[in-house]
Amino acid sequence: MAARRLSSLLSRSLSVSGSASLLLSRGTTSCHGRSISRFSTASVAEELITPPVQITYTQNLINGQFVDAASGRNFPTYDPRTGEVIAHVAEGDAEDINRAVAAARKAFDEGPWPKMTAYERSRILLRFADLVEKNTEELAALETWNNGKPYEQAAQAELPMLARLFRYYAGWADKIHGLTVPADGDYHVQTLHEPIGVAGQIIPWNFPLLMFAWKVGPALACGNTIVLKTAEQTPLTALYAAKLFHDAGLPPGVLNIVSGFGPTAGAALASHMDVDKLAFTGSTDTGKVVLELAARSNLKPVTLELGGKSPFIVCEDADIDRAVELAHFALFFNQGQCCCAGSRTYVHERIYDEFIEKSKARATRRVVGDPFKKGVEQGPQIDVEQFDKVLRYIRSGIQSNATLECGGDRLGSKGYFIQPTVFSNVQDDMLIAKDEIFGPVQSILKFKDIDDVIRRANTTRYGLAAGVFTRSLDTANTLTRALRAGTIWVNCFDVFDAAIPFGGYKMSGIGREKGIYSLHNYLQVKAVVTPLKKAAWL
């Protein structure tokens, strides 16, 4: 259901693109009666909507209680629309991680959570999903305010997906079991699938609530306890969601939330000797550090969901108009701040020129502005650091002699808005074709034939995802088996479902999240062997 909602956003985008000049020339009316303009500074110069939510939870959540940081320090969190402070949040560090881990350890060793029946655990997950739906407007508003993503995206796609993910894992809770194994000799052999213990989890800023679900859902379904560190840019929604979890009946100490910075709180969690398993989503470079810290401490197992530079391949037989719209969505969705973004658009040479012109036209029609306004497709980048990074890559593309078709600069004078940017004549050795930009910058490359594009698409250190657009089943089959990536979308993109596993090849990560595969990350397998006396059968 949630995957269909995300696809419906694309479907509406496809329908809008065909009539965009008519629709956007009139402007789009917001729920507050204000209008927005399209790709222009006016779209961010208008009066901003006041977010319809109060910020209530800013302390760390440890052992079921909201508490100040041990140091007493706080740090600011910002509104990316303006760069202004919206709240001060408790700054957790190593001592707060120690306290949270101690609470999680006690809850696992002595508390009711692992000893509950799986059915009782599943009912708590289901009650939480119900509370998410009742609090959708508040959660979506916090997500938009703290992150900058369009409110419609958060409310209509991501919040329903959040509830769906927890209902999915609630369904798994009482279906996790071991096996009876035949063995040579008079022995009864069984395997037990046991919770791994205290799980440390570190989530990113681009999809705070969905990454909360990807991590917390399977860990709780398997009976573990958790210490989760939020991204310092976006701490607010995880704290709100954790409060809802306790309202749903989650025992104290089972889910602990610490806000703080990577070198302090993150490093303390990754290297903690009493954390049994670690899950991290973020950049590849940081993932290497996390993996090293985990190995140097207690050799805890680690799952990593890291960066990507995903190819989006448009074949010669493609419906160009639909391919342009899908490639646009694959790159610009979530302000381009998506690890699996289709950031290398490979287009067959025979349709390349037409594709460029239509991609440029689509990018200039993209509606950029206050993400709380109805009809806005693109909000600001997350913060000044990411904003400056994207602009550096744009300058790099220009200096490398790629052709700047449109965009290329900031939008407006306030906040972190960037013009939708399209480059053509991009070569594989350019930084904009090799590095993960994480912004609204589309790089369009030309290819000659299938063998050519397979070789070039695979020449990358990443392997998170890929897109294929073709009418030929044979071509699709060839590409899906040849491309070295964890997810291949054929004639679609960014289809996320609770049951579909997600993870990367190569330096895009270790392990899989979502689906049945995610449960394996949070379970230990124990073999139990018992002699049989005078067995009637073996």
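## How to read the model

Helices (H or I, at least four residues) and strands (E, at least two) are DSSP runs, numbered from the N terminus. What you're looking at is a predicted model: local features need pLDDT of at least 70, side-chain atom pairs count only at pLDDT 80 or more, and totals for chains, interfaces and linings use all residues. Residues are numbered from 1 along each chain as its sequence is written, while side-chain values use heavy atoms, with hydrogens and water left out.

## Helices H7 and H8

Let's start with helix H7 (residues 151-173) and helix H8 (residues 208-221), whose axes come within 9 Å and cross at roughly 10 degrees. (Axes are lines fitted to C-alpha atoms, for helices over the stretch in contact, and angles run from 0 to 180 degrees between N-to-C directions.) H7 and H8 are therefore roughly parallel to each other (angles under 35 degrees count as roughly parallel, over 145 as roughly antiparallel, 65 to 115 as roughly perpendicular and the rest as oblique).

Where they meet, H7 brings residues including Leu162, Phe166 and Tyr169, and H8 brings Phe212, Trp214 and Pro218, among others (contact means heavy atoms within 4.5 Å). By class, this contact of H7 with H8 holds 15 nonpolar residues, one polar and one charged. (Ala, Val, Leu, Ile, Met, Phe, Trp, Tyr, Cys and Pro count as nonpolar, Asp, Glu, Lys and Arg as charged, and the others, Gly among them, as polar.)

## Two nonpolar cores

Phe166 and Phe212 turn up again in the largest nonpolar core: it has 104 residues, and these two, together with Phe245, touch the most other members. (A nonpolar core is a set of buried Ala, Val, Leu, Ile, Met, Phe, Trp, Tyr and Cys residues joined through side-chain atoms within 4.5 Å; buried means under 20% relative accessible area, exposed over 50%, partly exposed in between, with a 1.4 Å probe and protein chains only.) H7 gives the most to this core, with twelve residues. Another core, of 28 residues, lies apart from it and includes Val390, Ala402, Met430 and Ala457.

What does Phe212 touch, not counting residues up to four places away in sequence? Its list includes Phe128, Phe166, Ile203, Leu228, Phe245 and Ile257.

Thr144 sits in helix H6 (residues 136-147) and is buried, with a relative accessible area of 0%. A polar atom of the Thr144 side chain lies 3.1 Å from the backbone oxygen of Lys149. Not counting residues up to four places away in sequence, Thr144 also touches Pro150, Tyr151, Ala154, Pro371 and Phe372, among others.

Trp145 and Pro371 are 226 residues apart along the chain, yet 8.4 Å separates their C-alpha atoms. Leaving aside neighbours within four places in sequence, Trp145 is in contact with residues including Pro51, Tyr78, Asp79, Arg81 and Phe372. With Asp79 there is a side-chain polar contact of 3.3 Å (a polar contact is a pair of N or O atoms within 3.5 Å; within protein, one must be able to donate a hydrogen and the other to accept it, and residues adjacent in sequence count only if both atoms are side-chain atoms).

Gln386, in helix H14 (residues 384-399), is buried with a relative accessible area of 8%. Its side chain reaches the backbone oxygen of Ile437 at 3.2 Å. Not counting residues up to four places away in sequence, Gln386 touches Trp205, Gln337, Ile437 and Phe438.

Over in helix H18 (residues 515-520) you'll find Ser518, buried at a relative accessible area of 1%. Which side chain does the side chain of Ser518 make a polar contact with? That partner is Tyr169, at 2.8 Å, and Tyr169 is also one of the H7 residues that meet H8.

Most residues other than glycine have a negative phi. Leu299 is not a glycine, but its phi is positive, at about 55 degrees. Asp494 also has a positive phi, near 55 degrees.

Asp494, in the loop between strand S20 (487-490) and strand S21 (509-510), counts as buried at 2%.
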